[in-house]
Amino acid sequence: MARDTGNLKLTNVTKVFGNGDDKVTAVDNFNLTIKPGEFVTLLGPSGCGKTTTLRMIAGFETPTEGDIALDGKSMKNLTPDKRPMGMVFQSYALFPHMSVFENVAYGLRVQRLSKSEIQSRVADVLAKMSLSHLAQRAPNQLSGGQQQRVALARAMVVEPKVLLFDEPLSNLDAKLRAQMRVEIRKIQQSLGITSVFVTHDQDEAMSLSDRIVVMRNAVVEQSGTPDEIYRKPNSVFVADFIGRSNFFKVDKIKSKSSGKAKIEVNGKRMEVPAHPKAASSSNPVLLVRPESISVKAAKPTKALGTVTNIVFYGNHVEYSIATKHGEITAIESDPVYDEIVQPGKGATFEFDSSRSWLIPSDGTVVHEE
């Protein structure tokens with residue numbers, strides 16, 4: 001369900017903590033426009049500024065510079081309770097002495113709505129979250145996944161223009177996290193609520209988002225769709241942070257045109273898709289994802305490396321291959337078990353050049369194979 005409200009815009013937002021020599025810039029000149037109904041994830045390692053950004057949107061922190069506007073109106077001077085937003089915390093923050101119903105109804109009671117409207121809206125959101133049968137339970141009688149849904153219901157029942165998520169799945173086990181990702185995305189899409197999700201987990205970002213904003217050292221490293229971030233990263237950092245990567249040193253660049261470059265890698269000539277700034281950088285590198293590499297057994301005289309380890313997952317096998325220039329990772333789908341190259345054996349590998357990506361180097365050590 002599309003909405004025409006919930007347009008969130010951050011303009012030149014900066015947050016500095018401390019004074020003098022103790023000053024720390026947590027967020028530096030952050031710019032982002034989020035369309036109504038869009039699901040945007042702020043992704044990055046600890047200390048990159050993603051949580052501080054979310055807290056400024058929510059009103060728990062005040063920007064040192066810049067502005068945050070919702071539907072064209074600045075929220076910079078509004079306290080959290082005056083902002084039309086709902087927030088789901090990492091700890092869920094449920095009131096232990098209240099039932100599920102009362103936890104969800106709390107925000108509506110603060111708004112002083114009528115008893116009948118509170119009853120109707122809480123019943124409706126509990127039904128959407130499959131929680132109706134747990135309405136009179138206490139939080140300590142619920143599983144982690146049920147508590148997470150109660151926290152989400154409490155945020156949604158006030159009908160916010162924006163939903164904010166502060167790493168809400170980090171306390172769940174892997175299987176439940178995967179299930180809750182599906183539920184959150186399904187609910188968000190059905191309601192069409194603008195959502196901002198903070199995580200350091202790339203799988204969460206890839207599976208939930210319309211757009212991912214990768215942050216590093218207080219600044220935005222790249223913003224794009226999951227496919228853009230994965231297939232066409234701006235830097236070695238983004239490529240390495242999203243998914244698994246192999247980086248190959250480029251010996252020569254022959255020519256470049258229309259988003260492609262003719263290069264030479266270890267004596268092999270190929271034409272590859274290229275980042276606009278790659279060919280002009282001093283040390284461009286070639287990104288090849290593990291699933292794009294095929295592995296075959298080879299005699300010692302023709303081997304490009306030696307298999308050091310394999311992990312068989314049934315539907316795919318993961319290789320670690322030592323070469324004279326470093327180790328690479330390859331993933332083969334639907335393998336024939338008897339054809340898997342065993343550890344200690346020589347192997348050759350190849351990849352489709354159209355599935356690679358030439359990017360500027362940012363100082364990361366790369367393979368020279």
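The structure is a predicted model. Helix α2 spans residues 100–110, helix α3 spans residues 115–128, and helices α4 and α5 span residues 144–156 and 174–191. The largest pocket holds about 700 Å³ of space, and α2 and α4 each supply at least two residues of its lining.

**Helices α2 and α4**

- The axes of α2 and α4 come within 7 Å and cross at roughly 30°.
- Angles under 35 degrees count as roughly parallel, and α2 and α4 are therefore roughly parallel to each other.
- The crossing of α2 with α4 is right-handed.
- On the α2 side the contact uses Val100, Asn103 and Val104, and on the α4 side it uses Val150, Ala153 and Arg154.
- Sorted by class, the residues in this contact of α2 with α4 are 4 nonpolar, 1 polar and 1 charged.

**Helices α2 and α3**

- The axes of α2 and α3 come within 10 Å, and their crossing angle is roughly 125°.
- At that angle α2 and α3 are therefore oblique to each other.
- α2 and α3 cross in a right-handed way.
- α2 contributes Val100, Phe101, Val104, Ala105, Leu108 and Arg109 to the contact, while α3 contributes Ile118, Gln119, Arg121, Val122, Val125 and Leu126.
- The contact of α2 with α3 is made up of 9 nonpolar, 1 polar and 2 charged residues.
- Val100 and Val104 of α2 take part in the contact with α3 and also in the contact with α4.

**Helices α4 and α5**

- The axes of α4 and α5 come within 11 Å and cross at roughly 20°.
- This angle also falls under 35 degrees, so α4 and α5 are roughly parallel to each other.
- α4 passes α5 in a right-handed crossing.
- From α4, the residues Gly144, Gly145, Gln148, Arg149, Leu152 and Met156 meet Leu176, Met180, Glu183, Ile184, Ile187 and Leu191 of α5.
- By class, the contact of α4 with α5 has 7 nonpolar, 3 polar and 2 charged residues.

**The largest pocket**

- The volume of the largest pocket is about 700 Å³.
- The pocket is lined by 23 residues, of which Asp81, Met85, Gly86, Gly107 and Val158 are the closest to its centre.
- Strand β6 (85–88) supplies at least two residues of the lining, as do α2 and α4.
- The lining is made up of 16 nonpolar, 3 polar and 4 charged residues.

How values were computed: Residues are numbered from 1 along each chain as its sequence is written. This is a predicted model: local features need pLDDT of at least 70, side-chain atom pairs count only at pLDDT 80 or more; totals for chains, interfaces and linings use all residues. Side-chain values use heavy atoms; hydrogens and water are left out. Axes are lines fitted to C-alpha atoms, for helices over the stretch in contact, and angles run from 0 to 180 degrees between N-to-C directions. Helices (H or I, at least four residues) and strands (E, at least two) are DSSP runs, numbered from the N terminus. Angles under 35 degrees count as roughly parallel, over 145 as roughly antiparallel, 65 to 115 as roughly perpendicular and the rest as oblique. A crossing is left-handed if the near helix is turned anticlockwise from the far one by less than a right angle, and right-handed if clockwise. Contact means heavy atoms within 4.5 Å. Ala, Val, Leu, Ile, Met, Phe, Trp, Tyr, Cys and Pro count as nonpolar, Asp, Glu, Lys and Arg as charged, and the others, Gly among them, as polar. On a 1 Å grid over the protein atoms alone, a cavity is a set of points where a 1.4 Å probe fits but cannot get out, and a pocket is an open set with protein on both sides within 12 Å along at least five of seven lines; lining residues have an atom within 4 Å of a point. Grid points are joined across faces, edges and corners, and a volume is the space filled by probe spheres set on the points.
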